[in-house]
Amino acid sequence: MKLNKEDLMIGDWVMIKDYPMVSESKRMTENHFVRSLCEFEAIPINNDFLLKNGFVFLPTEKNKNKGSFYLKVENCLLIYTTEYNVIQIYKYLIDRYEINCEQFPIEYVHELQHILKLGKINIEIKL
């Protein structure tokens with residue numbers, strides 16, 4: 001998916017086609033916002049990405065190939081369901097996790113980064 005630089009923020013992981021017009025995954029920097037010869041493309045979230053970033057896969061009882069990815073960090077529990085491409089964030093309050101938001105539909109790495117930033121959840125994303 002092609003992106004406009006207005007949809008991005010510093011630190012986002014995206015595919016950047018830059019002079020000499022070679023496309024590679026990079027983090028957005030201040031320079032990318034002022035250059036006119038850059039093209040940006042979203043990086044899809046996939047199972048390998050989730051596992052590399054510490055998520056644990058838990059299959060459903062009925063189908064071992066389907067399920068959700070879980071990650072516990074900073075008094076938060078993140079649940080990403082690949083079947084529906086949604087993430088839920090639960091915050092830890094006293095002695096249990098309570099839902100703190102609705103489901104967010106996301107498919108791309110930069111969207112996950114934006115949600116984490118808004119939720120003040122500090123996770124170093126790796127590609």
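A: Start with lysine 2. It is exposed, because its relative accessible area is 58%, and the cut-off for exposed is over 50%. This is a predicted model. The protein averages a pLDDT of 87, and 93% of the residues score at least 70.

Lysine 2 has a bridge partner in β4, glutamate 41. The two strands involved, β1 and β4 (residues 39-41), pair in the antiparallel sense over two bridges. Lysine 2 also forms a salt bridge, with glutamate 39. The closest N and O atoms of that pair are 3.6 Å apart. The pair links distant parts of the chain: lysine 2 is in strand β1, glutamate 39 in strand β4, and 37 residues separate them. Glutamate 39 counts as partly exposed, at 35% relative accessibility.

Now step back to the sheet. Four strands form it, in the order β1-β4-β2-β3. The sheet is open, and the pairing is antiparallel. β1 (2-3) and β3 (22-27) stand at the edges. Each has a single partner strand, so one side of each is left without a neighbour in the sheet. A helix packs on this sheet: α3 (residues 109-118) touches β1, β2 (13-18) and β3. The direction of α3 makes about 130 degrees with that of β2.

Next, follow the salt bridges. A search of the whole structure finds three. Another joins lysine 26 and glutamate 24, with the closest N and O atoms 3.7 Å apart. Lysine 26 counts as partly exposed, at 25% relative accessibility. Glutamate 24 is partly exposed too, at 40%.

The remaining pair is glutamate 124 with arginine 27. Here the closest N and O atoms are 2.5 Å apart. Arginine 27 lies in strand β3 and glutamate 124 in the segment after α3, so the pair ties together parts that are 97 residues apart in sequence. Glutamate 124 is exposed, with a relative accessible area of 55%. Arginine 27 counts as partly exposed, at 29% relative accessibility.

One last point concerns confidence. Among the elements of the protein, helix α2 (residues 47-52) has the highest mean pLDDT, 95. Strand β9 (residues 96-99) has the lowest, 64.

How values were computed
Residues numbered from 1 in each chain as written. Predicted model: local features only at pLDDT ≥ 70, side-chain atom pairs only at ≥ 80, totals over all residues. Heavy atoms only, no water. pLDDT = per-residue confidence, 0-100. Pairing = 2+ DSSP bridges. Contact = heavy atoms within 4.5 Å. Axes fitted to C-alpha atoms, helices over the stretch in contact; angles between N-to-C directions. Salt bridge = Lys/Arg side-chain N within 4 Å of Asp/Glu carboxyl O. Buried < 20%, exposed > 50% of the residue type's maximum accessible area, 1.4 Å probe, protein only.
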